[in-house]
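Please look over the model below before reading my comments.

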Amino acid sequence: MTETLDKTEPKAPSHRDGDEPYLVVEDLTVQFPTYDGLVQAVTELSYTVKLGQTLGIVGESGSGKSVSSMAVLGLHDVKRSRMTGSIRVGGTEVIGANDQVMRRIRGNDVAMIFQDPLTSLHPFYTIGSQIVEAYRLHNDVSKKAAKLRAVEMLDRVGIPQPDRRVNDYPHQFSGGMRQRAMIAMSLVNNPQLLIADEPTTALDVTVQAQILDLIQDLQREYGSAVVMITHDLGVIAEIADEVLVMYAGRCVERGTTKHILTHPEMPYTWGLLGSIADVSGDPEKPLVPIPGTPPSLLNPPTGCAFHPRCPHRDKVEGNRCATDLPELRKGRFPDHLMRCHLDDAAAIFEAEVKEEVLR
Amino acid sequence: MTAEPLATPQSSGSPLLEVNDLVKHFPIKSSGLIRRTIGQVQAVDGVSFTVHSGEALGLVGESGCGKTTTGRLVTRLYEPTSGSMKFEGHEISTLSSRQMLPYRREIQLIFQDPYSSLNPRHTVGTIVGAPMVVHKTVPKDKVKGRVQELLEIVGLNPEHYNRYPNEFSGGQRQRIGIARSLALNPKLIVADEPVSALDVSIQAQVINLLRDLQKEFGIAFLFIAHDLAIVRHFCPNIAVMYLGKIVEVGNRAQIYETPHHPYTQALLSAAPDVKQAAIGGRRERIRLEGDVPSPINPPSGCRFRTRCWKAQDVCAKEEPPLMQIGGRQVACHFAEPIRVVTIADSTAPEANSGRRESDRV
């Protein structure tokens with residue numbers, strides 16, 4: 001949190017400070033008032049993504065990873081949600097921005113790929129017309145030129161016979177092709193920031209590999225920033241430069257992918273790593289699951305939200321885990337942030353956890 | 001990890017379940033008044049495998065490869081088109097539902113989606129007790145006690161007997177489903193994607209539970225999943241399916257360390273490997289082009305040939321049979337081992353910082 005806060009805030013909209021990362025999220029809090037109470041979906045979340053970089057946001061269902069990224073696109077109904085903090089996309093403040101500003105950003109500067117391509121494509125319109133619509137919203141071109149552009153994009157994402165398939169309806173595409181079409185649509189305006197929300201969860205492994213390769217190739221080609229939201233550490237390991245681990249709406253650990261996967265310092269990350277089976281590693285060793293279930297965001301636990309499930313809470317004196325929220329503080333590595341009361345998390349990991357978790 | 005023989009020594013006699021050339025074709029009917037059959041979805045097309053008692057066989061493949069259909073055929077939820085299934089030596093594929101009844105006790109099913117596989121209007125007690133009531137294995141007054149015992153076994157509070165499924169989380173619901181499948185002391189459980197609907201941290205809980213149950217009660221599993229890592233973790237023997245056929249069968253070491261079939265190799269190389277990626281960078285992927293062909297009109301010869309980089313003319317003409325190669329069975333004209341996955345404890349130096357590390361600031 002600290003390294004993003006000490007930067008001077010550029011006030012002028014749409015003018016990017018030379019140094020500022022493309023996406024800056026600061027102290028983002030998203031709450032949804034419901035009949036049952038206030039759902040604290042995201043609390044004081046801060047992160048930045050530079051152009052050409054990939055940030056992976058990982059967490060279980062209900063950890064706030066999707067809610068936080070939908071806020072970047074301004075997709076939350078202002079009447080039904082409370083948002084505070086700041087989100088700047090290329091220098092433009094998104095929170096509180098009017099519809100006109102949002103429409104300019106959405107699809108043009110920032111694009112999103114959703115999890116289920118069948119529900120995020122309109123079943124009544126052809127793939128081509130949906131891409132054309134997205135393109136013509138932001139570019140003053142003829143329908144014919146826009147259609148050529150759609151064919152070009154479909155070709156670029158690897159759809160065979162794009163000049164014919166452009167006239168197909170979504171149901172005529174397979175799952176992997178639909179996701180490609182979604183990617184084509186999101187990239188048609190050359191967005192600087194691509195948010196991929198579980199883009200491969202509904203796909204088979206071989207198709208997942210194709211889609212991840214495609215996203216990486218396109219990122220290298222266009223130099224855009226990518227936010228990859230997933231529950232799958234495997235996807236993170238394949239694609240992300242930096243990882244942000246979310247739990248109960250908060251960032252609990254952040255750092256480079258290598259550090260997070262090999263030297264994590266937050267017990268929840270240890271738990272995530274211990275929970276996954278791997279295609280290498282010793283199959284005879286049992287998995288090390290996290291006990292219990294993720295908390296309700298209506299009524300999150302006091303102190304550290306993870307403390308009811310944390311096997312290491314006894315190591316902190318005075319039951320502080322249950323009473324005080326740990327600050328997001330520097331870990332062992334320069335870019336490493338973690339939210340835990342354990343003073344010697346790194347040492348505990350090396351001594352007790354590593355053997356179990358990194359089989 | 002030493003190579004285990006395909007058949008465990010204690011069960012080298014007759015296998016618990018022996019499936020031979022099992023076929024299931026779903027007819028496609030024309031619309032209109034006279035509904036003629038205009039095609040066949042060849043969901044399962046000549047599948048053979050054996051499960052020995054107390055053993056887990058993993059069935060892996062992508063969606064649409066027929067693994068779930070196979071599971072439903074084994075439990076006789078679908079009628080097989082042809083082929084034989086022998087359970088403890090008895091042919092069960094042609095039995096009437098009345099004759100099937102005693103075998104249903106022995107073969108139970110765990111479903112994928114814990115939200116749709118439990119009746120929301122029934123209490124946990126009714127759900128878990130139902131198999132015992134139907135099969136009259138336990139006197140009525142003892143059902144409650146047995147249900148509570150089962151709930152305890154799967155790690156739920158026995159006091160929750162009177163609760164409804166909506167009061168439980170996904171992982172807990174899956175435990176209820178597991179308790180139900182244990183109610184009749186089955187010899188074989190067909191687990192159809194038992195953890196894929198659950199969160200990562202909960203998946204591990206359920207997998208560990210299934211492992212413990214298997215050790216404790218000696219239940220055999222037909223474990224159907226698309227997640228190669230979980231299958232490797234749970235099953236000593238694995239069968240890989242592609243488009244209604246089994247393309248490779250072998251034990252864990254044979255499938256994961258020296259896969260022979262190109263499809264197995266591609267599948268393995270596509271599976272993300274967290275720990276390897278973290279320490280050694282990404283491995284080279286075998287890129288498969290395109291999608292799985294339609295099972296309505298599968299390719300001639302070898303069904304994988306349309307996506308295979310080794311395919312030659314013979315692949316389109318002749319269908320490769322499952323051949324024995326060094327203890328495993330492979331259906332490929334050009335089978336040869338490729339090492340795709342680096343198995344742990346083979347030295348992976350941490351200094352090797354990998355591709356992505358180099359382009360980091």
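The points below cover numbering, domains, contacts and strands.

1. Start with the ground rules. This is a predicted model, in which local features need pLDDT of at least 70, side-chain atom pairs count only at pLDDT 80 or more, and totals for chains, interfaces and linings use all residues. Residues are numbered from 1 along each chain as its sequence is written, while chains are lettered from A and ligands numbered from 1 in the order in which they are written.

2. Take the domains of chain A. Domain bounds come from an automatic or database domain assignment. Chain A has domain 1 (111-190) and domain 2 (250-357). Their centres, taken over C-alpha atoms, are separated by 41 Å.

3. Now see where the chains meet. Two residues are in contact if their C-beta atoms, placed from the backbone, lie within 7 Å. Chain A brings 43 residues to the contact and chain B brings 48 residues. Helix H9 (205-222) and helix H12 (267-275) of chain A are among the helices that each supply at least two residues of the side of chain A that touches chain B. Helices (H or I, at least four residues) and strands (E, at least two) are DSSP runs, numbered from the N terminus.

4. Look at strand S3 (residues 54-58) of chain A. Five of its five residues are buried, so S3(A) is largely enclosed by the rest of the structure. Buried means that 20 or more other C-beta atoms lie within 10 Å of the residue's own, with C-beta atoms placed from the backbone. Thr54(A), Gly56(A) and Val58(A) point one way, and Leu55(A) and Ile57(A) the other way. In a regular strand, side chains alternate between the two faces of the sheet.

5. Which strands run parallel to S3(A)? Strand S8 (residues 225-230) of chain A is joined to S3(A) by five bridges, and strand S9 (residues 242-247) of chain A by four bridges. Two strands pair if DSSP finds at least two bridges between them. Val58(A) has Thr230(A) as its bridge partner in S8(A) and Val245(A) in S9(A).

6. Strand S1 (residues 17-29) and strand S4 (residues 82-87) of chain B are joined by five bridges. Leu17(B) stands opposite Phe87(B) in S4(B).

7. Finish with the domains of chain B. Domain 1 (13-28 + 39-235) and domain 2 (257-354) have C-alpha centres that lie 29 Å apart. Nine residues of domain 1 of chain B contact seven residues of domain 2 of chain B. S2(B) gives the largest share of the domain 1 side, four residues.

Definitions and conventions:
A residue is buried if 20 or more other C-beta atoms lie within 10 Å of its own, exposed if 12 or fewer, and partly exposed in between; C-beta atoms are placed from the backbone.
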